[in-house]
Amino acid sequence: MLVQFSYAGTEEEARPLLDKLTDLSPVLVKKNSSLLPNEIQPAASQDIDSGVCKPGNTWRLFPLGLKVYNITANRQVYELQKQLIAEHPEFSGSVAQFENYAVEGLKAVDPASTAYAHRDDDILVSFAPVYPPSAASDAIATDFSNKARDLWHAGDTPGRKRTTYPNYANGDETLESVYGYESWRLERLRGLKNKYDPHNRFRFYNPIIHRG
């Protein structure tokens, strides 16, 4: 298990927030302080020289927005990941990813005032299969990852619709889960797309017009 914690403040201010984690006696603790903006991504192993950006493996994300951490659902996803790696060792680098960010500013904005849809999400989880490229492995990755998302969704607030962080979307999600379930919101986004990109030049990643 790898835990990354970023805090915009002093080490002394951050330490009490991490006490419960450090009390678990982790095998390794690595800290970076006084980072410049261009040093943050490398420190988090998320820059162009990190493993996720190097050629050789397929990296995919199957994200889901949540309201709650459900311990039972997380254990089920953990067991599913164990099964994936036991049955298919080439997936040994795969991870279950949990992300939390400060959301006070996000939630302070009236959801009806902007086109962005997911201001109600508190947690971002993703099943991230990593494996040598092959069509057979693509199918295995999709199967296990969607099972993981089903488990997480079943453990979330009852009746809540699925939400997908647009920057992580795998491509098989519904248009509504990515951009919002309200018809007015989708029409507003389509209007912005038609205004600023009428010829759909920027269509590489989950373009709204051609997924409707």
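Mentor: We begin with a term: contact means heavy atoms within 4.5 Å. By that criterion, and not counting residues up to four places away in sequence, F127 touches R60, L61, F62, V77, Q81, L84, V95, F144, S145, A148 and W152. Please note that this is a predicted model, in which local features need pLDDT of at least 70, side-chain atom pairs count only at pLDDT 80 or more, and totals for chains, interfaces and linings use all residues. Residues are numbered from 1 along each chain as its sequence is written, and side-chain values use heavy atoms, with hydrogens and water left out.

Trainee: How many helices and strands does the protein chain have?

Mentor: Helices (H or I, at least four residues) and strands (E, at least two) are DSSP runs, numbered from the N terminus. The protein chain has 7 helices and 5 strands, and their order from the N terminus is α-α-β-β-α-β-α-β-β-α-α-α.

Trainee: How is the packing of two helices described?

Mentor: Two packed helices are described by the angle between their axes and the distance between the axes. Axes are lines fitted to C-alpha atoms, for helices over the stretch in contact, and angles run from 0 to 180 degrees between N-to-C directions. Here the axes of helix 3 (residues 71–87) and helix 5 (residues 135–154) cross at roughly 165° and come within 8 Å. Helix 3 is therefore roughly antiparallel to helix 5, a label for angles over 145 degrees.

Trainee: Which residues make the contact of helix 3 with helix 5?

Mentor: Helix 3 contributes A73, N74, Q76, V77, L80, Q83, L84 and E87, while helix 5 contributes I140, F144, K147, A148, L151 and W152.

Trainee: Which residues touch the most other members of the largest nonpolar core?

Mentor: A nonpolar core is a set of buried Ala, Val, Leu, Ile, Met, Phe, Trp, Tyr and Cys residues joined through side-chain atoms within 4.5 Å. Buried means under 20% relative accessible area, exposed over 50%, partly exposed in between (1.4 Å probe, protein chains only). The largest core has 16 residues, of which L66, L84, F91, V125, F127, A148 and W152 touch the most other members. Its largest share, 5 residues, comes from helix 5.

Trainee: Is N200 buried or exposed?

Mentor: N200 counts as buried because its relative accessibility is 8%. Its phi is near 55°, a positive value in a residue other than glycine. Most residues other than glycine have a negative phi.

How values were computed:
Parallel < 35°, antiparallel > 145°, perpendicular 65-115°, else oblique.
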